[in-house]
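My notes follow the order in which I checked them.

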Amino acid sequence: MTPAPDLPTFSARLIRWQKLHGRRNLPWQGVRDPYAIWLSEVMLQQTQVGTVIPYYLRFLERFPDVASLAATGIDEVLALWSGLGYYSRGRNLHRAAQVVATDHSGVFPRSAEALQQLPGIGRSTAAAIAAFAYGERRAILDGNVKRVLARHLGLEGYPGEKGNEALLWRQAEALLPADAGPEAMAVYTQALMDLGATVCTRARPRCAACPLRQDCMALREERVAQIPAPRPRRALPERETAMLMLRMQDKVLLRKRPATGIWGGLWCFPEMPVDGDAAAYCIRHFGLEVSPLGHMGQGAPLDHVFTHFKLRIHPQPLRVVSAPPAAMRDEARWMTLDDALAAAIPAPARTLLLRLGPPGRAQAEQSHG
Ligand code: SF4
């Protein structure tokens, strides 16, 4: 199969396809405000569109501009982010807003190069913001675009490998529309994103409907299912921790984690070494006398996988038998289940809280005296 010599360019086919078949009505489409575009781009990293939309709308309603985001505290940002995961994105968003407010007089930098200097904005995100907001001629290479280009090129090997990634960046730049105006750059960038999300999908891509099928190497060589090659497997190191699920009447004890490190600044169950004595630990650290609580299911181990290690969590459901007044330190707080679920908490804490009872349970318990 040889592509027709008069085949329109890669970018021309994509732009045409986007106008006919691209996604419509996403709340951030057609937006030219770099702040709102930035918000959507950061939220869409590692997260599905359907999940992002309500978060994006809530966030914009509460923080309609970069000044309002910069002026708030990190706790409120993380609480609004709760459930979206990858909380470092929320922390970076807040830091970047403060940098824009202080170092750029509240005005977003006007080029991809300058945008990339802000916390949490990588090369592809900076390019996407600059393309959508300013029509800058810049290549993007997010996860979906990597897949599209890897297949179109017939790339051997894992696209995240350094040499392959550099090759894909060069290809992404080479394929940019030659002399696109601002409008065409925005449409082209959106087209790449849409194609990766709706046609050249990870599983069961719809090659028959693809505007790139005439010169797609993966399709030509029947290697679509093999590209992109998966990340080479390496065993993740494992760590273990015990989490104390302390209950006092209808409340649970959560502790605010230090600002840096995993789950930085989030509320979580207090941790202790797995081989420690929970009762002695609670007396020593909180001045609380405790006894075991709950059925087997609440204490079942829970695995959480980070990029660089796997964490096995051993929950310790405990009931507080006696608590001297003012036993708590500042960073620990008793919360109802509902308040805890609404706070900025990491995913495993959410799972453990739900083991204690579904949302709404706290009010139900209170209203029944
Ligand atoms: S032809 Fe198929 S594999 Fe190739 S880019 Fe299009 S959807 Fe992806």
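I began with Cys268, which counts as buried because its relative accessibility is 1%. For this I took buried as under 20% relative accessible area, exposed as over 50% and partly exposed as in between, with a 1.4 Å probe and protein chains only. The model is predicted, so local features need pLDDT of at least 70 and side-chain atom pairs count only at pLDDT 80 or more, while totals for chains, interfaces and linings use all residues. Residues are numbered from 1 along each chain as its sequence is written, and side-chain values use heavy atoms, with hydrogens and water left out.

**Cysteines.** How many disulfides are there by this rule? I took a disulfide as a pair of cysteine sulfur atoms within 2.5 Å, and the count comes to zero. Cys268 is in no disulfide, and the nearest cysteine sulfur to it, that of Cys282, is 15 Å away. Seen from Cys282, the closest cysteine sulfur is that of Cys268, and 15 Å is too far for a bond. Cys282 is also buried, with a relative accessible area of 0%.

**Ser11.** I found Ser11 in helix α1 (residues 10-21). Helices (H or I, at least four residues) and strands (E, at least two) are DSSP runs, numbered from the N terminus. Is Ser11 buried or exposed? Ser11 is buried, because its relative accessible area is 7%. Neighbours within four places in sequence aside, Ser11 is in contact (heavy atoms within 4.5 Å) with Leu175, Leu176, Pro177 and Tyr188.

**Leu293.** I placed Leu293 in the loop between β5 (289-292) and β6 (302-305). Leu293 counts as buried, at 16% relative accessibility. Leu293 and Pro317 are 24 residues apart in sequence, yet their C-alpha atoms are 5.2 Å apart in space.

**Cavity.** I found one cavity of 30 Å³ or more. A cavity here is a set of points on a 1 Å grid over the protein atoms alone where a 1.4 Å probe fits but cannot get out, and lining residues have an atom within 4 Å of a point. The largest cavity holds about 110 Å³ of space, a volume being the space filled by probe spheres set on the points, which are joined across faces, edges and corners. Its lining has 15 residues, and Arg151, Cys200, Cys207, Cys210 and Cys216 lie nearest the centre. Helix α9 (residues 143-153) gives the largest share of that lining, three residues.

Definitions and conventions. 1 Å grid on protein atoms, 1.4 Å probe; cavity = no way out; pocket = protein on both sides within 12 Å on 5 of 7 lines; lining within 4 Å.
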